[in-house]
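Here's a quick briefing to go with the model you're about to look at.

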Amino acid sequence: MAIPDYARTNFQTLLRAAQDGNLALMDCLDASSEETRSVLCAVGRDKGDYVFTPFGHLADGNPYEAYLPPGPDNAGGFLSASTAGTNRPSPATDDKGGGHGDTQ
């Protein structure tokens with residue numbers, strides 16, 4: 001399955017922002033559910049003001065339970081919920097209780 005051009009462009013923008021130290025993690029409200037989300041944003045400037053461009057939110061809880069990856073035997077498809085548990089890695093842990101995107 002090919003990654004769409006808009007996603008490639010946004011990913012490259014995100015990589016540049018990370019390289020330049022222009023990323024922020026902001027608490028925002030989900031527009032649909034109004035739940036608090038930790039949103040990864042690129043930070044820019046416009047006439048002296050900061051501009052935050054959201055790229056997505058971090059997974060709440062175990063990200064291995066939130067997403068189904070591409071299937072190893074099917075280049076155009078994804079693992080099903082019933083078979084994913086046998087093909088997904090366990091979350092990594094570290095001294096800080098991480099494994100879910102903790103970097104500090």
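Predicted model: local features only at pLDDT ≥ 70, side-chain atom pairs only at ≥ 80, totals over all residues.

**Around D30**

Residues are numbered from 1 along each chain as its sequence is written, and side-chain values use heavy atoms, with hydrogens and water left out.

- D30 sits in the loop between β1 (23-29) and β2 (36-46); helices (H or I, at least four residues) and strands (E, at least two) are DSSP runs, numbered from the N terminus.
- Side chains of opposite charge can pair when their charged atoms come close.
- The structure has 1 salt bridge, a term for a side-chain nitrogen of Lys or Arg within 4 Å of a carboxyl oxygen of Asp or Glu.
- That salt bridge joins D30 and R37, with the closest N and O atoms 3.3 Å apart.
- The two side chains also make a polar contact (3.3 Å), meaning a pair of N or O atoms within 3.5 Å; within protein, one must be able to donate a hydrogen and the other to accept it, and residues adjacent in sequence count only if both atoms are side-chain atoms.
- A polar atom of the D30 side chain also lies 2.8 Å from the backbone nitrogen of S32.
- R37 belongs to strand β2.
- At 19% relative accessibility, R37 counts as buried (buried is under 20% relative accessible area, exposed over 50%, partly exposed in between, with a 1.4 Å probe and protein chains only).
- Leaving aside neighbours within four places in sequence, R37 touches M26, D27, C28, D30 and H57.

**The sheet**

- Strands of a sheet pair through backbone hydrogen bonds, either parallel or antiparallel.
- Here 3 strands make an open sheet in the order β1-β2-β3, with antiparallel pairing (two strands pair if DSSP finds at least two bridges between them).
- β1 and β3 (49-57) are at the edges with a single partner strand each, so one side of each has no neighbour in the sheet.
- On average, neighbouring strands of this sheet are turned by 45 degrees against each other, direction ignored; axes are lines fitted to C-alpha atoms, for helices over the stretch in contact, and angles run from 0 to 180 degrees between N-to-C directions.
- β2 and β3 pair in the antiparallel sense over 8 bridges.
- A42 stands opposite T53 in β3.

**Positive phi in the loops**

- E34 isn't a glycine, yet has a positive phi of about 60 degrees.
- You'll find E34 in the loop between β1 and β2, where E34 is exposed with a relative accessible area of 59%.
- K47 isn't a glycine either, and has a positive phi of about 55 degrees.
- K47 lies in the loop between β2 and β3 and counts as exposed at 81% relative accessibility.

- The protein chain averages a pLDDT of 80, and 75% of the residues score at least 70 (pLDDT is the predictor's confidence in each residue, from 0 to 100).
- Within the protein chain, confidence is highest in β1, at 96, and lowest in helix α3 (residues 81-87), at a mean of 60.
- Over residues 93-104 pLDDT stays under 50, and the model has 13 contacts beyond four places in sequence for them.

Conventions. Contact = heavy atoms within 4.5 Å.
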